[in-house]
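Student: I've got a model open and I'd like to talk through how its strands pair up. Can we go step by step?

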Amino acid sequence: DAAGRPLEAAFLDTDGGVRNVNATAAVETPLAGGKLRVNGRLFSEPFEYDELARVRLPATYLAFGRDEVETDSTELGGRYSRNFGERTGLELVAIQQTEAIDIASDFQAPGESVAFARQSDLGETIGRAKLSYRRSERLSFEAGAEGAFNWLEARTRLAVNGASVAVPAANVRVEEKRGEVFGKAVWLAHRRLTLEAGLRYEGSNIASDGDVDLEKTLYFLKPRAALTWAPGEKTQVRLRVERVVGQLDFDDFVSSDSGNSSTLTAGNPDLDPEQEWVTARRSMLTDVIDRAPIRTLDGVFDAPANIGEGTRDELSVNLTAPLARLGLKGAQLQAESTWRRSEVTDPTTLRKREISGLRPLEWEARFTHDLPALNTTWGVNVFGAWRETYYRFDEVDVVKLKTWVELFAEVRPRADVNVRLSLMNA
């Protein structure tokens with residue numbers, strides 16, 4: 001509350017388990033003067049999660065939640081490449097992916113029972129052709145086209161204390177037809193200066209039926225320019241300006257639920273892809289996809305939505321440092337970090353805030369030490385703490401993960417045998 005006293009408090013005892021089966025196969029063969037590769041994948045993963053909450057505020061009671069998720073997916077892909085002489089090359093790619101997801105979530109507390117279920121089937125088909133031509137050692141061109149068909153069909157049920165509750169976009173089929181043509185030129189203007197320019201034009205048609213009937217067509221022009229300057233053997237400077245159009249996540253189009261946290265998210269099929277102009281890691285965003293309230297006759301629901309313009313600034317640092325000068329022969333330290341700052345106007349409070357789910361800081365470091373005499377490598381991997389904040393219309397959710405440390409040692413008793421021992425979350 002306003003005085004800093006907790007309104008709700010509980011101790012959580014959680015238990016989860018996941019199993020998966022993954023089968024892959026591939027074949028590669030010469031064909032018609034080129035090379036053809038075909039690959040396939042089958043994947044199945046059941047997941048179960050139980051949570052027991054011993055609540056002590058505002059009253060003392062027990063609450064129980066259970067989530068079950070079954071995921072089955074397939075993939076079939078093919079790639080054909082062929083050169084026509086020394087300067088021209090052709091590449092053809094085709095991919096077909098499908099996925100079926102069944103979700104069941106139950107929550108039980110004194111005087112409260114929530115049951116949520118969703119079955120969804122989705123798929124994606126992509127075809128792409130690219131033709132490359134190298135006019136000289138300094139100048140090369142690429143041109144091509146890509147087409148895609150995406151679809152999602154979802155059926156959702158929600159019951160509270162045994163009574164069915166209607167939620168927005170509960171039963172929906174969404175289809176997207178998308179096409180793109182592109183061209184690119186790369187010019188080595190000087191042995192230390194490279195210029196790259198490209199242009200993509202994308203058109204898509206998105207339609208949904210069921211609980212929400214709508215159809216719209218979108219077009220985007222996506223220019224890109226990049227300059228790379230290498231003043232010395234150890235230094236490189238890259239400048240880039242580009243318009244980027246994100247791909248829509250079809251899961252945002254249908255309703256979802258987390259029974260354990262009692263959070264219901266409504267679906268919103270009327271989303272536009274988020275777009276950004278990227279200038280030296282400053283992104284000027286339009287149609288930012290975030291959270292916003294959706295009002296229906298049954299109440300107000302949290303949902304993904306386009307909430308207007310925003311900005312995102314990023315600064316990334318990477319380090320690779322051999323430690324032989326410090327007396328640790330065969331040792332190396334690798335580290336990387338990214339700082340982010342973002343701003344958008346909240347659709348509920350109309351105040352400026354950061355973008356939901358965007359981590360302000362991410363970092364990791366890896367130390368490895370090779371001991372050739374013992375055929376052993378040991379080291380430490382450190383993944384830094386991070387924070388994600390989600391701004392909903394009636395609450396703010398903050399998720400934090402503390403720093404994760406892994407100790408490991410790899411021993412090679414034979415050239416064809418490698419044994420790795422790990423202490424996770426040390």
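Predicted model: local features only at pLDDT ≥ 70, side-chain atom pairs only at ≥ 80, totals over all residues.

Student: In which sense do β23 and β26 pair?

Tutor: The 8 bridges between β23 and β26 tell us they are partners. One of the facing pairs is Val380 and Leu407, the latter in β26. The sense of the β23 and β26 pairing is antiparallel.

Student: And which residue in β23 does Ala365 stand opposite?

Tutor: Strand β22 (residues 361–371) runs antiparallel to strand β23 (residues 376–383), with 8 bridges joining them. Look across from Ala365 into β23 and you land on Val382.

Student: Which residue takes a positive phi in the hairpin of β22 and β23?

Tutor: There are 4 residues between the strands of that hairpin. One of its residues has phi near 50 degrees, and that's Asn375.

Student: How many residues does the hairpin from β17 to β18 run through?

Tutor: Strand β17 (residues 289–296) pairs with strand β18 (residues 299–306), antiparallel, over 8 bridges. Ile294 has Phe301 in β18 as its bridge partner. As for the hairpin joining β17 to β18, the number is 2.

Notes:
Residues numbered from 1 in each chain as written. Heavy atoms only, no water. Pairing = 2+ DSSP bridges.
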